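I opened this notebook to record what I looked up in the structure, entry by entry. The entries follow the order in which I consulted the model.

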Amino acid sequence: MRQLLTIVGNDLRQRVRDRSVLIFGIVVPVALMFVMNLVFGDTDEVELGDVTVAASVADDDELGQALVGTLTRIEGLDVTVDRVAADEVRPRAEAGDAQLGIIVPTGFGDAVTRGEGATVDLVEGDGAGLETDVLVSVVRGVTEQMTAGTVAAGAAAAAGLPPEQLGAIAQQVAEAPPAVTTVEGTTATEQLDASAALVAGQAGLFLLFTVGFGVLSLINEREQGTLARLRSMPMRPGLIVTAKALAGYVLGVVATLVLLAAGTLLFDVDFGSPLVVLVLVLSVVAAATSLTFVVVRVARTSEQAGVAQSIIAVVLGMAGGAFFPVAASGAAAGILDLNPVAAFTRALGVSAGGGGLGDVTGPLLTMLGFAVVLAVVSRLVPDRGVAA
Amino acid sequence: MTSDVAHRPAEPRTGTPVLEVAGLVRRFGDLTAVGGVSFHIAPGETYGLLGPNGAGKTTTISMVAGLLAADDGEVRVAGRRMGPREVEPKRLLGLVPQELAIYPELSARENLLFFGRLNGLGGAELRQRTAEVLELIGLADRAKGPTKEFSGGMKRRLNIGIGLLHRPELLILDEPTVGVDPQSRNAILESVEALSTEGMAVLYTTHYMEEAERLCDRIGIIDAGTIQAEGTREELIRIIGELDEIRLVGSGNLTAAATALEALDAVDRAVVEGREILLHVRDAPTAVAAVVTTAGRSGMELSDVEISRPDLESVFLHLTGKALRD
């Protein structure tokens with residue numbers, strides 16, 4: 001154990017002293033996070049502007065008034081309703097004076113009450129945008145509820161109810177609260193917002209570089225001759241590899257935790273339970289460490305290893321959403337699911353939504369499975385560096 | 001051509017050998033890099049493996065140091081079998097690889113402390129031994145600077161210092177002076193000379209004849225993966241049976257002088273060549289005084305005297321048909 005800790009300590013000291021880990025493990029990713037957050041970070045935060053609606057509706061039409069009045073009560077959207085004559089609605093919309101025109105036909109309320117149905121004309125204004133889409137959606141929602149009342153009144157008439165009761169039934173249905181309600185999703189359905197996804201993705205991407213600084217030093221040792229000297233020391237043969245793995249693992253865990261902490265502080269990101277985040281970091285670093293050992297076995301020189309590690313890091317990082325959200329279907333989705341960086345990002349999303357360890361079992365198994373399989377592969381692959 | 005000396009290594013001169021190598025074989029595919037090497041080293045003895053590049057020196061050393069498994073034969077360090085998976089015998093040896101096996105980001109002191117800990121040293125003993133070695137290799141005043149700023153010679157000296165830090169019973173030096181300036185080279189050779197006086201057994205590989213002659217009590221001449229001959233310098237030279245030469249340059253009665261000189265016990269043959277007499281003698285340094293005196297008494301006025309002795313280069317050429325640096 002003393003020899004193991006001596007080698008690990010020596011490795012960490014050298015990595016800190018040559019500043020490579022500090023630069024590539026923390027400074028560069030934080031800088032990238034900052035820049036990318038400026039570029040992409042606000043893409044999912046939409047601000048709706050003020051909007052004007054030109055509406056034509058009879059003063060004595062209660063349902064018509066209710067329909068138009070609904071538009072002024074939309075949360076987060078400031079709507080001004082201009083009451084105009086029916087023939088002025090389209091010109092106002094076409095002139096861009098109103099983003100939406102609504103023509104409620106005369107006798108709309110009575111028709112709905114009798115269960116006869118009616119048509120509301122909507123005119124999208126010149127330069128209509130997202131705000132208009134919101135208004136149209138709201139109008140459709142209200143009219144669908146009124147349609148339900150019409151259908152109910154029609155059914156009551158067909159059943160032989162007296163005409164004086166049909167209106168009451170239609171109005172009750174139209175004004176009734178919805179039978180089915182939806183609530184915002186939590187845990188497993190939660191996703192990271194753009195800033196959080198960038199922080200998580202960048203942490204996953206640079207983790208592969210950071211771990212590489214520890215593990216790939218095995219090749220440096222071989223090239224500079226110190227590996228031969230280490231192997232002549234009185235210690236078990238596997239101790240050197242174990243020490244390199246441990247050094248890379250420690251570097252990876254520390255750098256990733258620092259990056260996530262930096263993301264939390266700088267970009268106001270919340271990844272949820274610290275315990276869950278820690279377990280996720282420990283798992284994804286294990287996967288990255290095993291992967292790097294395969295690189296060590298395959299590469300003949302440190303240059304080859306560095307290039308291979310960089311390619312793998314960028315590919316897995318991009319596929320894991322380090323630069324932009326990635327989605328796939330079919331077989332590609334299955335392959336993407338095996339990417340430990342993607343699993344890490346996905347699991348952080350669940351954690352950010354309040355999920356616990358039980359909710360991230362899938363991604364955890366992906367990362368740990370990846371670690372175990374590649375650890376075995378790294379033992380089976382011939383060591384091309386030694387052979388060379 | 002193989003000498004009888006190589007077939008049967010001599011018995012250890014003093015006590016149990018620190019290193020016993022018997023029938024060592026190592027193949028790489030179809031290439032037999034080492035084909036049955038045997039030798040031993042006694043405590044306090046410096047043994048040289050002398051041979052050109054590619055002779056099998058480093059492969060032999062890799063097996064001796066437990067870095068490489070042998071295909072056949074065995075290595076024993078202080079009676080313990082050595083191999084890549086063995087731990088205990090490695091405590092007894094210090095390796096100085098041909099490459100500079102030091103960490104450039106660390107200081108000389110940190111390098112020594114690191115390898116000292118791995119060799120089982122610790123606490124006050126490690127600190128004291130580190131200070132001693134820094135003094136020995138002449139780096140005490142540069143102990144704290146990063147070694148990446150060291151000259152090649154300083155790095156070489158540190159490379160050696162790490163190998164002897166834990167006072168190994170067997171120190172293995174693999175071509176430690178390659179690429180070193182003459183001044184540093186001399187300092188390294190002096191350090192190695194001092195080690196044998198401390199009782200440390202040294203296995204020294206080189207392709208420099210002068211180093212082998214200066215440092216080694218016994219020398220194994222290795223070529224094509226086998227030891228062609230083994231023994232002390234004098235024993236090896238006797239293998240080829242050559243005598244020393246003394247060349248006398250001068251005037252006077254050279255024929256009479258040659259006749260008188262040939263009568264000396266140490267002189268085997270005297271030949272007059274123009275204004276010179278070429279003498280074939282045994283042990284020229286001892287005989288030269290009598291030779292000069294006799295020549296003068298015989299009427300020869302000497303203007304120059306040159307002594308040349310057969311060296312290991314001659315032996316190597318005799319045994320392998322090629323020069324050491326070929």
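I note here that the model is a predicted one. I then looked up Gly48(B), whose bridge partner in β9(B) is Ile219(B). Strand β3 of chain B, residues 46–50, pairs with β9(B) in the parallel sense over 4 bridges. I next turned to β8 of chain B, residues 201–206, which pairs with β3(B) in the parallel sense over 5 bridges. Gly48(B) has Tyr204(B) as its bridge partner in β8(B).

I asked how many residues of β3(B) are buried. I found 5 of its 5 residues buried, so I record the strand as mostly covered, taking 20 or more other C-beta atoms within 10 Å as the criterion for a buried residue. Thr46(B), Gly48(B) and Leu50(B) point one way from the strand, Tyr47(B) and Leu49(B) point the other way, and all are buried.

I looked up β9 of chain B, residues 218–223, and found 6 of its 6 residues buried. On one side I listed Arg218(B), Gly220(B) and Ile222(B), and on the other Ile219(B), Ile221(B) and Asp223(B); both faces are covered. β9(B) pairs in the antiparallel sense with β10 of chain B, residues 226–231, over 5 bridges. Within this pairing, Ile222(B) has Ile227(B) of β10(B) as its bridge partner. The hairpin of the two strands has 2 residues between them, and I noted a positive phi near 55 degrees at Ala224(B).

I examined the largest nonpolar core, which has 77 residues; among the members that touch the most others are Leu19(B), Val64(B), Leu203(B) and Ile221(B). Helix α3 of chain B, residues 108–118, contributes the largest share of this core, 6 residues. I noted another core lying apart from it, of 66 residues, including Phe206(A) and Val294(A). I then looked up Val64(B): leaving aside neighbours within four places in sequence, its contacts are Leu19(B), Val21(B), Val75(B), Met82(B), Ile172(B) and Leu203(B).

Which residues meet across the two chains? I found 18 residues of chain A in contact with 25 residues of chain B. α1(A) supplies the largest share of the chain A side, 5 residues. By class, I recorded that side as 5 nonpolar, 8 polar and 5 charged residues.

How values were computed. Residues are numbered from 1 along each chain as its sequence is written. Chains are lettered from A and ligands numbered from 1 in the order in which they are written. This is a predicted model: local features need pLDDT of at least 70, side-chain atom pairs count only at pLDDT 80 or more; totals for chains, interfaces and linings use all residues. A nonpolar core is a set of buried Ala, Val, Leu, Ile, Met, Phe, Trp, Tyr and Cys residues joined through C-beta atoms within 7 Å. A residue is buried if 20 or more other C-beta atoms lie within 10 Å of its own, exposed if 12 or fewer, and partly exposed in between; C-beta atoms are placed from the backbone. Two residues are in contact if their C-beta atoms, placed from the backbone, lie within 7 Å. Ala, Val, Leu, Ile, Met, Phe, Trp, Tyr, Cys and Pro count as nonpolar, Asp, Glu, Lys and Arg as charged, and the others, Gly among them, as polar. Two strands pair if DSSP finds at least two bridges between them.
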